[in-house]
Amino acid sequence: MRSPTSSATRSSSASAVALWSGVLSAVLLALVAAEWGPLIAFDRTVADGMHDSAVRSPGLTGVNRILSDWVWDPWAMRGLVAVVVVWLWWHGERLLAVWAAAVSLTASAVQQLLKAVVGRDRPQWPDPVDTAHFAAFPSGHAMTAAATFGLLLWLLARRGADRRLRTAVLAAGVLSVLGVGLTRVYLGVHWATDVLGGWLLGVCLVSVGVLVYERTARRRAGAGGGAEGPGAGGGA
């Protein structure tokens, strides 16, 4: 069983993470939109170094393409969330399933909206090693990975999953989130700050989703006069 205290703790943590990731996201977005000189110079320096390595190391570049385009592709991440959503729905956690799906879909929508509004050009190379479409900021791969694993870790914690499972998912999440960001810059299809923006925005959106859900679950539990269960507010 979950207690209202555990829900309150999750809400408090989500509130702090949402605040700081939101502030940092807004600052970075403003600097990118204003094309702030030091930031542009930093992005160019990192991109040039990464691209030189990618051109000189076709084998390593091939590995990065497989990881980026297949293992950590946004659709693979969304597919993972879809499997979890179906599992939650099957086990009667209807509200939780819908909420998880909504957070994932919102992250995708916000990502596309910001790409259209910011309209940042991707790096251009005379000898590209990979290609990508649409605008650069934020990185969809980075944002989707951060949102996906943030969502999974919250769901595992909420349902009281075994510590070993949570540790394994945390390790896979850290590897995937950092790894996909590195591959996008290495392949020359994103600037480093596109990736940073994707990470921050993914974390921010999940934190907001968690915060709203936990507060809603506590209100429902209070109105029902009982303690919060593993899927409080989830059964249909």
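Seventeen is the count to start with: the largest pocket has 17 lining residues, and S13, G150, L153, W154 and V210 sit nearest its centre. The elements giving two or more residues to this lining are α1 (4-33), α6 (140-158), α7 and α8 (192-224). The model is a predicted one, with local features needing pLDDT of at least 70 and side-chain atom pairs pLDDT 80 or more, while totals for chains, interfaces and linings use all residues. Numbering runs from 1 along each chain as its sequence is written, and side-chain values rest on heavy atoms, with hydrogens and water left out.

A pocket here is an open set of points on a 1 Å grid over the protein atoms alone, with protein on both sides within 12 Å along at least five of seven lines, and a lining residue has an atom within 4 Å of a point; a cavity is a set where a 1.4 Å probe fits but cannot get out. Helices are DSSP runs of H or I with at least four residues, numbered from the N terminus. The largest pocket holds about 440 Å³ of space, a volume being the space filled by probe spheres set on the points, which are joined across faces, edges and corners. Its lining splits into 10 nonpolar, 5 polar and 2 charged residues (Ala, Val, Leu, Ile, Met, Phe, Trp, Tyr, Cys and Pro count as nonpolar, Asp, Glu, Lys and Arg as charged, the others, Gly among them, as polar).

The second largest pocket comes to about 380 Å³. Of its 18 lining residues, P74, R122, H133, H141 and R184 are closest to the centre, and α4 (74-90), α5 (94-118) and α6 each give two or more residues to the lining. By class, this lining has 4 nonpolar, 7 polar and 7 charged residues.

The largest cavity takes up about 40 Å³, and R78, S104, A107, S108, T144, A147 and T148 line it.

Next, the aromatic rings. The structure has 2 aromatic pairs (ring centres within 6.5 Å, using the six-membered ring for Trp; planes under 30 degrees apart are stacked, over 60 edge-to-face, the rest tilted). W99 and Y213 pair edge-to-face, at 5.6 Å centre to centre and 65° between the planes. W99 belongs to helix α5 and Y213 to helix α8, so this pair ties together parts 114 residues apart in sequence. W154 and Y213 have ring centres 5.4 Å apart and planes at 75°, so they too are edge-to-face. With W154 in α6 and Y213 in α8, that pair links parts 59 residues apart in sequence. W99, W154 and Y213 make up one aromatic cluster. W154 and Y213 are both buried, whereas W99 is partly exposed at 23% relative accessible area (buried is under 20%, exposed over 50%, partly exposed in between, with a 1.4 Å probe and protein chains only).

Finally, α7 (residues 163-186) runs for 24 residues and reaches 34 Å from first C-alpha to last, close to the expected 34 Å (1.5 Å times one less than the number of residues). Its buried residues include V169, G173, V177, R184 and Y186. D162 caps the N-terminal end, with a side-chain oxygen 2.8 Å from the backbone nitrogen of R164. Just after α7, G188 takes a positive phi of about 75°.

Key
Polar contact = N/O pair within 3.5 Å; in protein donor to acceptor, adjacent residues only side chain to side chain.
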